[in-house]
Amino acid sequence: MSLEILLIIAFGGALLTYLLGKTSEKIRDFLAVVISLSLVAFVACLYSKSLEKTFYFGFFGLGLVLRLNMFSWLFAITIAVVGALSIIFSLSYIRAREKTDFYFLMMLLVNAAMLGIVLAGDLVSFYIFWEIMSWSAFLLISYNRGPALAAGMKYIIMSIIGSVSFLVGMLSLYVSFGTLNITQIAPVITSASSGYILFILIAFSIAFGIKNAVLPFHTWLPDAHSEAPAPFSAVLSGILIKMGTYGFLLILYVIVGLKLFLSLGSGIFSFHSVLCFLGAVTIIIPTFIAMLQTDAKRLLAWSTVGQAGYIILAIAFGTNLALAGGIFHFFNHALFKALLFLAIGAVEFRTQTRDLDSLGGLAKKMPIVFIATLVGVCALIGVPLTSGFVSKWLIYKTLILEASPFLAFFALAGTWGTILYSYKLIHNVFLGQLPEKYKDIRKSPFSMQLPMIVLSLAILVFGILPGIPLKVINAIGISFGFESLNVTLWGIASETGTLNTINIFSAVVVAALLIWVLFRLSAKSVPVAQDDSYAAGAHTPVDKYNYTAEFYNPLYRMIKPFLRDVIDEFYYWIGSSMQTLSDRVRRVYAGDVGYYVMYIILFLAFLIFVQLKWKPW
Amino acid sequence: MVAKVMQIILSPVLALVVGVFFLGLARKIMARIHWRYGPPLVQPVIDMIRLFYQKSVSHGSVFDLGLILSLAGSIVVVLFLPFGQMCPLSNSGGLLVILYIMLLAPLGLALSGGQGANPNISIGISRKLILSLGYEVPLLLVLLAVMTHYKTISIIEVVKIQQSTGWSIISFPLFLSGLSYFLILPAILGIRPFDISSALQEISSGPIVEYGGKYLALVTIEHAFALFISIALFVNLFLGGGANPLIFFAKMLVVFVLGLCINAVFPRFRIEQAIKYLWKWPTLLAFLGLIITLM
């Protein structure tokens, strides 16, 4: 079992799927599912193995290396699982559309490239896979045409800026140390000056910050997530932007190292606290913007920006609890945000809309999708018994105990904002009155339900038994040079506040059962139709009679003036002024030979003037 | 072990008795302030027993289960709160867990109400969520000040330290935080100036408009628990808990009656006014408290 075979299956499988898709759709669907599932199995078999292998020497004398350890394994398994589930979801979602072969090719290619990124052992192969991922993601974002084209363009422009920044950092590392192998750079970088390390960190932070949508590099994300096809939104939000998280962990903890990273600068001007602050701002502002969205996917997209803020904050904070919380939150976010995007995709598949103002009452029509959304939303908020609670608990706890209550305040207040937009999502889509036109809506197909069921179960299992992922995460923390955490199957034991999820779980279950018994014993209730409701004597209209539009209107009026996306406007301003500038420059090329002769003469005159005046030559 | 099980059974029962007593007392005191005679103290108990035997309507399974979840959430919070020497489960996660399990109750009610498909409910829930965002800002600052000051996230530790060094409401930096908590207490309880989400005359009691019979009984019990929890939290964090449950309940009674008297005479805020108030004075005080704690 070696890593090249894994990548050959991933990339070769993608091409094979495309070619076979030309002959039969059934074979193509089957092959796509088989390949993505075999990747899951393959990665799962590699658990707790540590491999490193140079597979190609010819790249300007640099070896291209693949390596695997606990750190890359966790990311690889997340990618494989979310990727496979979104492929399964795609089967019926994409069936009636055009260019489905191309769609499956790109979906598999993105997954393969992301696996390549986390398995890359040197920066050159990292960069190659990174570019394959960026470009195939661009093609998928633009798949729907129309506004999706503009969204894709915005994404790829920002992505290219990130790549250039990455390239600058990478070349500089090569010039200084003569190697790009990650394990070889790590020991020698300690000898570099702190100014140089800061430069490297900033260069890579721009690259990874754009992918991870840290403020002020977040502007591509809401458009891209809402315009992409739903299964790809799940991949995009669940794992693709987490390649930025992976990059941050790689550069901060593997290459630069914990001690060096924490010692850069001093006080609030250190790199570490600036990054923490950016993380905190990334939590709070997008959360408030998310509350005001009326497009379900756009709401989730802004929520993704906010949740990515938690991860960045935790990673940058640099304690063992924070790192565990950050990595665990990455893992959870991959599960619950993929789940939510798939659920909204399933709703959109049946209703052809994701407008939060016009949907409603779908809980009775699509019960599985409703329960899945509920689980996803609970994990997003961090309700106890879902895995989101454990990761957030770890983050808050370390922020409080390390005396950073303001960062903790941002994190906690962000959670309350999360409750508001989560409830809006679930209320406006699934609760309230069912509009007349959705009366005969059918359940979603099984291939859509299956991924949602799997993800919901995973969230609940890891919420009640968080020890399973925490064991892996603890091993990662130890390899980064942190103290080990005292992880048990159902939580974390320590002298300063123990978490015991089993206690919480059993208490809730027992209490709910007791109340349920009381509920059944007392007088029976009569089921009534949805329009049979108390209106204080007023007349009830026949069709939609519910309050969903502008759900948080009073709040909206209060905070709207503060929530302009200034950064996006600024980028557009740069874009339009660049366009004006280029337009002016273009006029120089008038197309008339006389002008060019004039330019030459003027330039010569200038040179002669310089020579006469200062005699430099 | 037996003592532990006894505590687990006993503490929700005690909390329920105290909470229901407070509900009755509130009606009596309000009536006296308004120069009325008021119903007897046991009126809520009589109502509840009657309600369990009455017919009711249901709008679907989420409508039922949401309510059950909400009440279960409240009971579990009580298990995590120490009162007196009783603290059955409070060593499995501390204040952060309490803060989070307190979510289950409003979330369950909101889900259940949402299924009710009545615009009054939706408006009420929307208001309730906005209001909770309003009071959570100062509340979080207050809790963070307490946790930072005592350098722990365990609520038992906070109570223990206070029993040796004195109540935190009279210690200097936390005095500000305590005052801020007291100022937002009516908003947390949803009583008079902040009864925006359950405004009887505007939106027919908001989230509970579709409830009747046992639903109304359960939601009243939930309300009693909520009342108990937010006052008990105040007593634990700022008034040094209690050496035994009796002292604890006496302290709670004082806080409750004080809050009631101040707020019985105010008219209702509009939602924007409430947010403006909550984000002005209580937040400022809580913020100052936190800053001074940090220095």
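Two residues are in contact if their C-beta atoms, placed from the backbone, lie within 7 Å. The model is predicted: local features need pLDDT of at least 70 and side-chain atom pairs count only at pLDDT 80 or more, while totals for chains, interfaces and linings use all residues. Residues are numbered from 1 along each chain as its sequence is written, and chains are lettered from A and ligands numbered from 1 in the order in which they are written.

**Figure 1. Overall form of chain A.** Chain A contains 24 helices and six strands; helices (H or I, at least four residues) and strands (E, at least two) are DSSP runs, numbered from the N terminus. The radius of gyration of chain A, taken over C-alpha atoms, is 27 Å, close to the 25 Å that the globule rule (2.2 Å times the number of residues to the power 0.38) gives for 617 residues, so chain A is as compact as a globular protein of that length. The C-alpha trace of chain A spans about 105 × 60 × 55 Å along its principal axes. Of the 617 residues in chain A, 53% are buried; a residue is buried if 20 or more other C-beta atoms lie within 10 Å of its own, exposed if 12 or fewer, and partly exposed in between. Among contacts in chain A with a separation of 6 or more, 78% join residues 24 or more positions apart.

**Figure 2. Overall form of chain B.** Chain B has 13 helices and one strand, in the sequence pattern α-α-β-α-α-α-α-α-α-α-α-α-α-α. Its radius of gyration is 19 Å, close to the 19 Å from the globule rule for 295 residues, so chain B is as compact as a globular protein of that length. The C-alpha trace of chain B spans about 55 × 50 × 40 Å along its principal axes. Buried residues form 61% of the 295 residues in chain B.

**Figure 3. The contact between chain A and chain B.** Chain A contributes 61 residues to the contact and chain B contributes 62 residues. On the side of chain A that touches chain B, at least two residues come from each of several elements, including helix 17 (387-401), helix 18 (405-430) and helix 21 (501-521). Helix 18 of chain A gives the most, with eleven residues. By class, this side of chain A has 42 nonpolar, 17 polar and two charged residues. Ala, Val, Leu, Ile, Met, Phe, Trp, Tyr, Cys and Pro count as nonpolar, Asp, Glu, Lys and Arg as charged, and the others, Gly among them, as polar.

**Figure 4. Strands that pair across the two chains.** Strand 6 of chain A pairs in the parallel sense with strand 1 (residues 56-58) of chain B over three bridges; two strands pair if DSSP finds at least two bridges between them. Ser58(B), in strand 1 of chain B, is the bridge partner of Pro527(A).

**Figure 5. The surroundings of Gly73(B).** Gly73(B) belongs to helix 3 (residues 61-80) of chain B. This residue is buried, with 28 other C-beta atoms within 10 Å. Leaving aside residues up to four places away in sequence, Gly73(B) touches Ile101(B), Leu104(B), Ala105(B) and Gly108(B).

**Figure 6. Helix 1 and helix 10 of chain B.** Helix 1 (residues 2-33) and helix 10 (residues 214-238) of chain B pack at an angle of about 95°, with their axes 8 Å apart. Axes are lines fitted to C-alpha atoms, for helices over the stretch in contact, and angles run from 0 to 180 degrees between N-to-C directions. The two helices are therefore roughly perpendicular to each other (65 to 115 degrees; under 35 is roughly parallel, over 145 roughly antiparallel and the rest oblique). Among the residues that make the contact are Phe22(B) of helix 1 and Phe225(B) of helix 10.
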